Amino acid sequence: MTSRNLFLSTVLASDGLYCVVGLKKGTPRQSFVSTVEEVNGLVTDLVDQGFDAYFGCAKFESDSGRTAKNAKWFKSFWLDLDCGEGKPYESQAVALGALKDFCKTTALPRPTLINSGRGIHAYWSLIETLHYNDWKPVAEAFKKLCAVNDLHADPAVTADAARILRVPDTLNFKNTESPYPVQIMAMAQPVPFSDFKDKVGY
């Protein structure tokens, strides 16, 4: 199993459809597929054509659209920490330090970490698969927990059921002269939903 396949199987439910999105100069290219092999094929094609490649953080009920209503199954919670000039964290190192302090304060386990090319994406994967109705209120509580503890995660991302984030082992083309690699920094073990929910305080 490749590192990307391991990542996707860890943070995504087995039920439902994958959503793959390519963005290039504001032009979206969106597909819904059933298998990780199809995901990898689409992602390879997108990167070869200079697209930034994203995946839906939920699995979807149908190919009718990437909407919260269609996002049905979840196996993780996630954060997006923006880094760089004019961003909440001046560097990835500073963001990782803040995330470490946040986990220590809240007793949350260490998350899976992705270098997004500029920022940090963090995922707490679960043992169980959740339906939207179980995932959404805990995601909202998680967003509030970040705010209370001064972790400057992008608030638009944390509880967004239809969110897309960058696919590992691709390229971040925002710097067109020299694209940044999107890489897995650390893989963490899935945790029981009950443990995560308790630490979030829901």
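Modeller: Let's begin with Lys-136, which has a relative accessible area of 22% and is partly exposed. Keep in mind that this is a predicted model.

Biologist: Why is Lys-136 called partly exposed?

Modeller: Buried means under 20% and exposed means over 50%. The 22% of Lys-136 falls in between, so partly exposed is the label. Glu-140, at 25%, gets that label by the rule too.

Biologist: What makes Glu-140 and Lys-136 a salt bridge?

Modeller: The closest N and O atoms of the two are 3.1 Å apart, and the cut-off is 4 Å. So the pair passes. Side chains of opposite charge can pair when their charged atoms come close. These two sit four residues apart in helix H4, so about one helical turn separates them. They also belong to a network of salt bridges, together with Lys-143.

Biologist: How many salt bridges are there by this rule?

Modeller: The count comes to five. One of them joins Arg-166 and Asp-52, with closest N and O atoms 2.8 Å apart.

Biologist: Are Arg-166 and Asp-52 buried or exposed?

Modeller: Arg-166 has a relative accessible area of 4% and Asp-52 has 10%. Since the cut-off for buried is under 20%, Arg-166 is buried, and so is Asp-52.

Biologist: Why are S4 and S9 called edge strands?

Modeller: Six strands form an open, antiparallel sheet in the order S4-S5-S7-S6-S10-S9. Strand S4 and strand S9 each pair on one side only, which makes them the edges.

Biologist: How do you know that S9 and S10 are paired?

Modeller: Pairing needs at least two bridges, and S9 and S10 have three, in the antiparallel sense. Thr-170, for example, stands opposite Val-182 in S10.

Biologist: Which residues have the most contacts inside the largest nonpolar core?

Modeller: That core has 66 residues, and the ones with the most contacts inside it are Phe-55, Phe-77, Leu-99, Phe-142 and Phe-196. Helix H4 gives the most to this core, with seven residues. As for Leu-99, its contacts include Leu-79, Leu-113 and Trp-124, leaving aside residues up to four places away in sequence.

Terms used
Residues are numbered from 1 along each chain as its sequence is written. This is a predicted model: local features need pLDDT of at least 70, side-chain atom pairs count only at pLDDT 80 or more; totals for chains, interfaces and linings use all residues. Side-chain values use heavy atoms; hydrogens and water are left out. A nonpolar core is a set of buried Ala, Val, Leu, Ile, Met, Phe, Trp, Tyr and Cys residues joined through side-chain atoms within 4.5 Å. Buried means under 20% relative accessible area, exposed over 50%, partly exposed in between (1.4 Å probe, protein chains only). Contact means heavy atoms within 4.5 Å. A salt bridge is a side-chain nitrogen of Lys or Arg within 4 Å of a carboxyl oxygen of Asp or Glu.
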